[in-house]
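Dear colleague,

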Amino acid sequence: DATIGTPEAVPEITHSELDDPGFDAEAYVRDVLARESLQGLLKIESGLINEIRALDGEKKALVYDNYSKLIAATDTIRKMRTNMDPLTPTTSTLSPAIAHIAETAASLAQTLQERVGQAPEDEAGVKKQRQRETVRWVLDAPIRLKGLVEGGRRDEALEDWEEVQRLLEKWRGVQGADEVKQQCLSIMNKETPNNAG
C-alpha cells in the first residue's frame, strides 16, 4: 500500500519515457489514467504544458537567433558590396565568393531550423546548447529590436519584445539581465513614447 515513488520522481520518469524514440503514446496514456488520480493527471498535464511552452520558446529562440545571424550576414555583405563599388574592376572576382557565403549562411540557417524538430541523441548537451542559444537570442535583443523598429516592423518588434521580456522576468537578478532590459525598454520607448499599442 506504500506509494512507489515521490512526486519529484514522477516527472523524471515521464521525461525519459516521453523522450524515448520508441515512445508509445497510447500505452503511456492508459498507464497514467490507470495509476493517477484526477489531481495527479492535472499535475502531469500542467507539467507537459510547461515543457511544451519551454520547448516552443527555445525553438523560437533558436530560429530567431539564426534569423538575426542571417540578417547580420546579409547586412555585412550589403555594406561590403557598397564599399567595394569604387573598386569594382579589381574586386570583380570577389562577387561570386560573397554570393556563395550568403547562400551558405542561408543554407545553414535552414538546416539548423529543420534540426530543431529532430530527436536529440545527447539530451543534456542539446539542452545546454538550447539554453546558450536562448541566452544569445536575449542578449542580441537590443540590436534585433532596433533593426525591426528602424525597418518599420513595429508589430514584429513588439512580439519579439514580449518573448524577451518574459525571459528577462525569469532571469531577474542574473548579471546582465537588467542592462539588456533597460536597452530594450529604451528602444521600445523611443518607438512608443506614450506606450500606445
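This is a predicted model: local features need pLDDT of at least 70, side-chain atom pairs count only at pLDDT 80 or more; totals for chains, interfaces and linings use all residues.

The largest nonpolar core comprises 17 residues. Val138, Leu145, Trp161, Val164, Leu168 and Cys184 have the most contacts inside it. At least two residues of this core come from each of helix H6 (123-139), helix H7 (141-150), helix H8 (154-170) and helix H9 (177-191). Tryptophan 161 illustrates the packing: leaving out residues up to four places away in sequence, it touches Leu145, Leu168, Lys181, Cys184, Leu185 and Met188.

Helix H7 has two distinct sides. Its buried residues are Ala141, Pro142, Arg144, Leu145, Leu148 and Val149. Because these residues cover an arc of only 165 degrees around the axis, they lie on the same side of H7. Ile143 and Glu150, on the other side of H7, are exposed. Just after H7, glycine 152 adopts a positive phi of about 80 degrees.

Leucine 158 belongs to helix H8. With a relative accessible area of 25%, leucine 158 is partly exposed, since the buried class requires under 20%.

Finally, asparagine 66 is located in helix H3 (residues 38-84). Its relative accessibility is 8%, so asparagine 66 counts as buried. Apart from neighbours within four places in sequence, asparagine 66 is in contact with Ala109 and Leu112.

With kind regards

Note on methods: Residues are numbered from 1 along each chain as its sequence is written. Side-chain values use heavy atoms; hydrogens and water are left out. Helices (H or I, at least four residues) and strands (E, at least two) are DSSP runs, numbered from the N terminus. Buried means under 20% relative accessible area, exposed over 50%, partly exposed in between (1.4 Å probe, protein chains only). Contact means heavy atoms within 4.5 Å. A nonpolar core is a set of buried Ala, Val, Leu, Ile, Met, Phe, Trp, Tyr and Cys residues joined through side-chain atoms within 4.5 Å. The arc is that of the directions from the helix axis to the C-beta atoms.
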